[in-house]
Amino acid sequence: MAKIKLAKSKVDTLVEICKSFNNEGSELINVLHKAQETFGYLPAEVQEIIARELNVAVAHVYGVVTFYSFFSMVPKGEFPISICMGTACYVRGAEKVLEEFKRQLDVPVGETTEDGKFSISCLRCVGACGLAPVVTIGERVYGRVAAGDVADIIKEYQS
Amino acid sequence: MEKYKMHILICGGTGCRASASEAIQNNLQDALKAKGLEEEVQVVMTGCFGFCEKGPIVKILPDNTFYIEVKPEDAEEIIEEHIIKGRKVMRLLYTDPEKKEVVSDSKHMGFYKKQIRIALRNCGFINPENIDEYIATEGYAALGKCLTEMTPQAVIDEIKESGLRGRGGGGFPTGLKWEFASKNDADQKYVVCNADEGDPGAFMDRSILEGDPHSVLEAMAICGYTMGADKGVIYIRAEYPLAIERLKVAIAQAREYGLLGNDILGSGFNFDVEMRYGAGAFVCGEETALIHSMEGLRGEPTVKPPFPAESGYNGKPTNVNNVETFANIPVIINKGAGWFNKIGTEKSTGTKVFALAGKINNVGLIEVPMGTTLREVIYEIGGGIKDGKKFKAVQTGGPSGGCLTEKHLDTPIDFDNLLAVGSMMGSGGMIVMDEDDCMVSVAKFYLDFTVEESCGKCTPCRVGNKRLYELLDKITEGKGTKEDLDLLRNLSTVIKDTSLCGLGQTSPNPVLSTIENFYDEYIAHVEEHKCPSGQCKALMQYVIDPELCVGCTLCARNCPVDCIAGDRKEAHIIDTAKCIKCGACMEKCKFNAISIQ
Amino acid sequence: MVLVWRNVSLMRLAFSKEDLKMEKMIKLTIDNKQIEVPHGTTIYEAAKELGIEIPTLCYMHLGDMGIEHKPGGCRICVVEVEGRRNLAPSCNSKCEEGMVIHTHNMRVLNARKTVMELMLSDHPFDCLVCAKSGNCDLQTMAHQFGVRELHYKGEQSTYKVDYSPSIIRDMDKCIMCRRCETMCNDVQTVGALSAVNRGFESVVAPAFEMDLEKSTCTYCGQCVAVCPTGALTEKDHTNQLIRDLADPKKTVVVQTAPAVRAALGEEFGMEAGTLVTGKMVSALRRLGFNSVFDTDFAADLTIMEEGTELLERLQKHLDGDKDVKLPILTSCCPGWVNFFEHHFPDMKDIPSTARSPQQMFGPIAKTYLADKMGVKREDMIVVSIMPCLAKKYECQRDEFKVDGDPDVNYSISTRELANLIKQANMDLTTLPEEDFDNPLGESTGAGVIFGATGGVIEAAARTAYEVYTGKTLEKVDFDALRGMEGIRSATVDFDGLPINIGIAHGLGNARKLLEDIRDGKSQYHAIEIMACPGGCIGGGGQPLHHGDSSILKKRAAALYREDEGKAIRKSHENPYIIKLYEEFLGKPCSELSHKLLHTHYFDKSNEIEIE
């Protein structure tokens, strides 16, 4: 018998979220969006509760979570760094920028630094191709980033 | 808009916002307030102007002055000089790169001269968060006309006659699609707007939704009227927060005005729109996958038929069109099919929006009549290749499209021509590449994308694209053989021939088109193990020029793998077999003796 | 995302609308042969009618069970349709008027072979030592296509092998046909498996890719039964058995379930539905078992216990006792027991407490029989031959152990037995017919039909009728209880008292009946539930049907034939059962019976602990 440990307040929040979508299985993706918005990520316990509340198999919930790249089962860093790998950014050198972020922070794509500060992810076209290559950190957008700018950008967040 | 004497339009598209256009807006407003002009001059944040390369853009009406690369600190000067003293701020105007003349009015700029803006008609012109401004530009007039003067079939006939084809890429005739959906009887039907723009390098749907959300809502209602649907759903990428916000505002305003909801304009027709959020899966652009995703499932496509027009969302007849397609509809109704179908070519009428990007001077969003040539787009609108480099290729259609070359530059762009030359319209991404781009690497880049975005349901796409990627990787690593090119060709053909959905059916196009158009480059990789554009790291060689080397030993001391040999004051040599190509030697050399070959 | 506009698809849409209205026949040409088929027929089906067997790996149609799986994912069954831009998946493409189809031209053969090579390029090359070797659809097809070289090589998927008590998942061998997913979700509604991740990384797995043992899996084994490769196989106990048989200190006795005798012959090339009871007994004896017994005997015992419990509950109910819950549900299927423990724990006091025949046999063997044989419990090994994979798990349940010693040491499947016989250089077809040993080898026709859906409740009805009414049942065949429909119901007249009986096979059907009970809508007095479609004859441990569901019907018919041929056809008339009660148990549902032959159930749903 699997035991799920989760704080009561979290469980209550999830139950509320599911309820706001009438506990309908077809609303799974909306529920997951809301849950990730609330908790920052979708750990197994959260998926278990959602499955129970929507009366769907937890394997199904997991199948959906792992299908969509927007959903994450690991918490993002305090400052999530996203490097646009859209074609426009790619041909203007996004790959080198990505390499530099990986090297400087010593963390692979999709993971978070040990101190929990930074996480790196790639995204496909933010629609700011005029500024290619584009990097976003949280809500902030950096345009025309060169590998040489990376150190300075990271420094902004390190203090 | 009448009560103000002047209007200052600021681009509120994602690109310009990233370059502080909000701060510009605030500063402009503060400056106006300081001068007591806030009742005279209105500051409006609009949708994208398209000329992203030179953003942030500020435009002043009524004199059409077009300021580029504006910074927040320029706000005061604009107010002081232009608004108060009537003198244009010359240093913020665009300079024609060829004629070296300053151009003040955007109409006369090369970037805009050839454009006809239908889908983008209101982007950069109205405040997208104000329904009155939309209505002031004939907004919702088309819906009114349909509901009061036209039968559903008459609307369908008008769209059919206009020749409008789906702008999401496939180019299926929109009117026919509507007709199918209208003829299937059901107690419930749906109109779905596909706003899950996922093509890496295309952002027109986003710009339309950010700049003119009502045009899509109006068109969805019209579509609902023709097919007898009272529910509309917009499936939009969750990564588009600004577009989502503006849509929410627009939906609320339309409901408030009775343009969505029950008994629209007293016609008895009910229609409302809700939103569903995509979660990062390119394959959800395929309509059956999109529908499954809307139903809370994995976004895996299913075999057609049945088509959504018969059995779609919740098993009900559903019509799916993309944002740009919808944005054309109100104009067609207002101006008539006869007006629309005179624009463009015989089989591809109207205009197409392209996201022009890559190694080009004028990156941005453009809308041109179908039939415009690639040369016109790249050189006249795009301003040619960046940094004076040589044009090499233009990629259209994103991961589904192909790379076209010099010989295709005079091809008039339309659905069928692009298909005929091995590419496709796609959603309208257009990426320009120069001599520094390695075409094998470009193909690999697209395959990397496809491998990541394949849903995994069918074998050819799941495994085949992975193998294509691996073959390309092998070639860029210098380990490819000529036989690998045959394998690439056969595998590409089979993947196209056997894949379940559009993603797999088109994913080998970047490979096939680059082999076709840049065969020599592939041969150079596999036979000479050289990358002509010097992009493939594994094929690069660091070489010391013995003429320039003075034998200072600095490079040898800094080499992490000790692959540089040579006596003091003698020319050094790099052991290329041991070299890891870190570049440390080149960085350290004070005599520029080390180069890449 | 982009789709290409095709003239063809347009036309097809127009055609299919037309057809719907007219219900007409469709004429088409396949490989130069003309055929006329009803509207709605797929190209695959039409070809089959012409005797053209188009190969496919994911498509599965178990017509008699109403199960159809056609994701159109494997792309092996593609054919060329003239005028169509790309190849069409025949399993999933409907015939249209005037279609001209080629199923084996160069284009098709090359595509098919390339797709096969792609599959193989992401598949381990350990055919020689694979549990599925010789019985693997992928292997057979690769051979059929003449694949002699793999042109495409690259990264292969690697996953941890998941060993559960019943099922082994080796997902390196998964080809994403998704049949298991359909069985687990759509047919069984267990929901233990789902496709996870996407693209090259996609695989079918339990939630969080946890071990099956920690999931809601019921071990029904239907995923194993339909897996075309070695990705899903049973946990193999034959080596353990060989060791035990070789141990002179051990007395090894075996029990064989009813459904085994109706299917074992298939593994030796015999026609489906051939009864091989006597040959199986002699094979087992030659393998070295000290005694060869019959689970059918324990099935008769089950009827005595379960039937008595039914009558007790029924009587109390008729007497107006509000605490008594009806319907009573059968409990002889371990997959079904797992199902309600996971999915309907709130209803765990509704099923009969009677153990399954396998688990009744064990304690009787290790007490009553061991005593008679003069063997100590620890020296006796009880092995069962089962059509079932859930039985393997059932053996390991703690409540079926005495001081850690299982009542039934382990269970091997019909398939494992066939392999063992082959290993022992025997050909089942040429073996003589022999009889079971006594006292646990004698059974009635009622015990035999346990193997088919409806059989348990029919056996129970035969006995309960006579016990309740005190009259002799004239016609022992309850035809109304037989058949292959997923949910069946019948009313049996107990001398003026109408007893409403429900039958469900396949857990999805069981779920429907359970939900009715939960909602207070159920009108049944007794319900039989079998986890596997068809009952035990369609169990997860049976010879693979490779998608031919007519095999299951033939197996069921064989069991009813054996029943008909039996001298005694009612459990309570089994002389050895009577003797067992006289000598040992006393009477059904006695204290000793309860200790040895009954059980209790557990809530296995996920417990949410709030911190």
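## Helix faces, domains and a chain contact

In helix 19 of chain C, residues 575-585, the buried residues include C:Ile577, C:Leu580 and C:Leu585. Why do the buried residues line one face of helix 19 of chain C? Seen down the helix axis, they fall within an arc of 50°, so they share one face of the helix. The other side of helix 19 of chain C carries exposed residues: C:Pro575, C:Ile578, C:Glu582 and C:Glu583. The cover over the buried residues includes helix 10 (295-318), helix 12 (357-373) and helix 20 (591-597) of chain C. After helix 19 of chain C comes C:Gly586. The phi of C:Gly586 is positive, near 85°. The whole model is predicted.

**Chain C against chain B**

Chain C touches chain B. The contact takes 37 residues from chain C and 49 residues from chain B. On the chain C side, two elements give two or more residues: helix 1 (7-22) and helix 3 (106-121). Which of the elements gives the most to this side of chain C? Helix 3 of chain C does, with 7 residues. By residue type, the chain C side divides into 19 nonpolar, 13 polar and 5 charged.

**Domains of chains A and B**

| Domain | Residues |
|---|---|
| Domain 1 of chain A | 8-67 |
| Domain 2 of chain A | 79-158 |
| Domain 1 of chain B | 6-109 |
| Domain 2 of chain B | 131-340 |
| Domain 3 of chain B | 351-434 |
| Domain 4 of chain B | 439-527 |
| Domain 5 of chain B | 541-596 |

In chain B, the C-alpha centres of domain 1 and domain 3 are 29 Å apart. These two domains of chain B meet: 6 residues of domain 1 are in contact with 7 residues of domain 3. The domain 1 side of that contact divides into 4 nonpolar, 1 polar and 1 charged.

B:Arg91 sits in the loop between helix 3 (75-84) and strand 5 (94-95) of chain B. Is B:Arg91 buried or exposed? B:Arg91 is exposed, because 11 other C-beta atoms lie within 10 Å, and a residue counts as exposed at 12 or fewer. B:Pro317 is 226 residues from B:Arg91 along the chain, and 56 Å separate their C-alpha atoms.

**Chain A**

Chain A has 7 helices and 5 strands. Along the sequence they run β-α-α-α-α-β-α-α-β-β-β-α. The C-alpha trace of chain A spans about 50 × 30 × 25 Å along its principal axes. Chain A has 159 residues, and 49% of them count as buried. Among contacts in chain A with a separation of 6 or more, 61% come from residues 24 or more positions apart. The C-alpha centres of domain 1 and domain 2 of chain A lie 30 Å apart.

One helix pair in chain A can be followed residue by residue. A packed pair is described by the angle between the helix axes and the distance between those axes. Helix 2 (residues 28-39) and helix 3 (residues 44-54) of chain A pack at about 145°, with their axes 11 Å apart. The crossing of helix 2 and helix 3 of chain A is right-handed. Which residues make the contact? Helix 2 of chain A supplies A:Leu28, A:Val31, A:Ala35 and A:Phe39. Helix 3 of chain A supplies A:Val46, A:Ile50 and A:Leu54. The contact residues divide into 7 nonpolar, no polar and no charged.

Key:
Residues numbered from 1 in each chain as written. Chains lettered and ligands numbered in written order. Predicted model: local features only at pLDDT ≥ 70, side-chain atom pairs only at ≥ 80, totals over all residues. Domains from an automatic or database assignment. Nonpolar A, V, L, I, M, F, W, Y, C, P; charged D, E, K, R; others polar. Helix = DSSP H or I, 4+ residues; strand = E, 2+ residues; numbered from the N terminus. Buried ≥ 20, exposed ≤ 12 C-beta atoms within 10 Å, placed from the backbone. Axes fitted to C-alpha atoms, helices over the stretch in contact; angles between N-to-C directions. Left-handed = near helix turned anticlockwise from the far one by under 90°. Arc of directions from axis to C-beta.
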